[in-house]
Every structure is written in structure tokens, then in C-alpha cells.
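Okay, everyone, let's talk helix packing today. Have a look at the screen while I get going.

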Amino acid sequence: MPLADIILIIHFVFVLFVVGSLPLIWIGAWMRWGFVRNLRFRLAHLAAILFVVGESLIGMVCPLTVWEDSLRGAETGGNFIQRWLHRILFYDVPEWVLTTVYVLFALLVAITFRLLPPRHLKS
């Protein structure tokens with residue numbers, strides 16, 4: 001598997017973590033799953049979305065995207081994994097739309113952090 005495809009998969013897993021963790025936290029709180037209150041997990045989730053928002057606000061392209069594009073060069077077509085992950089991850093919308101979505105999502109994560117606070121780890 002080419003390195004560019006591996007980076008694309010890592011990118012997809014990162015997006016899945018950022019987006020999927022929020023409903024997981026809500027469902028987990030409702031189901032009383034202890035891990036959704038884990039401080040490290042919650043801080044990692046908050047840091048991940050804040051990184052995305054920061055990138056977007058300063059107009060920075062995601063380093064994973066830059067790295068993947070650099071490795072692919074002028075490659076066209078691509079394999080099955082590449083085609084489908086690109087369709088899932090990348091949209092053709094104005095940048096301000098994505099920035100707005102990222103900021104609103106980060107606010108939702110922060111509100112969730114406040115309403116369903118993580119628990120500190122016991123020493």
C-alpha cells in the first residue's frame with residue numbers, strides 16, 4: 001500500500017475520531033459508560049477539534065492533506081481506498097462554510113465538555 005494511501009487512512013481515522021466521539025460521548029453518558037468521562041480521552045477530543053478550528057481560522061491546509069498531495073504528485077485515478085476516502089473527506093464548498101461548521105462543532109464539543117464533564121483520574 002502506498003504511503004499516500006496510509007496517510008489518507010490516518011486522516012480518515014482522525015476525522016472519525018473528531019466527529020464520532022461527540023455522539024459517542026452523548027450516548028455513553030446516557031448509557032453510563034465510564035470511558036466517555038475519561039479526562040485524557042475528552043482532552044484529546046477537545047484538542048483535536050480545536051486544532052482543526054485553528055487551522056481553518058488561519059487559513060492553513062491540513063498537514064495530512066499537504067503530505068498526501070505531495071506524495072501523490074500528479075497521480076490521477078487512484079485505487080479503491082483512495083477514491084472512496086477522498087469522496088468522504090473532501091467536499092467542494094467555500095472555505096468559509098467549512099470554517100463555520102468547524103467552529104460550531106467545536107462550540108458543541110465545548111458545551112458537551114461543560115454539561116458532561118470528564119472525571120479526573122485517581123492517583
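So, a crossing is left-handed if the near helix is turned anticlockwise from the far one by less than a right angle, and right-handed if clockwise. Helices here are DSSP runs of H or I, at least four residues, numbered from the N terminus. Quick caveats: this is a predicted model, where local features need pLDDT of at least 70, side-chain atom pairs count only at pLDDT 80 or more, and totals for chains, interfaces and linings use all residues. Residues are numbered from 1 along each chain as its sequence is written, and side-chain values use heavy atoms, with hydrogens and water left out.

First pair: α2, residues 39-58, packs on α5, residues 95-115, at about 155°, axes 9 Å apart. Axes are lines fitted to C-alpha atoms over the stretch in contact, and angles run from 0 to 180 degrees between N-to-C directions. That makes α2 roughly antiparallel to α5 (over 145 degrees). Their crossing is left-handed. The contact (heavy atoms within 4.5 Å) includes Leu46, Ile49 and Val53 of α2 and Tyr102, Phe105 and Val109 of α5. By class, that's 13 nonpolar, 4 polar and 2 charged residues. Nonpolar means Ala, Val, Leu, Ile, Met, Phe, Trp, Tyr, Cys and Pro; charged means Asp, Glu, Lys and Arg; the others, Gly among them, are polar.

Next, α1, residues 3-31, and α3, residues 63-72: about 160°, axes 9 Å apart. So α1 and α3 are roughly antiparallel too, and α1 passes α3 in a left-handed crossing. Among the residues meeting there are Ile7 and His11 in α1 and Trp67 and Leu71 in α3. This contact has 8 nonpolar, 2 polar and 3 charged residues.

How values were computed
Helices (H or I, at least four residues) and strands (E, at least two) are DSSP runs, numbered from the N terminus. Angles under 35 degrees count as roughly parallel, over 145 as roughly antiparallel, 65 to 115 as roughly perpendicular and the rest as oblique.
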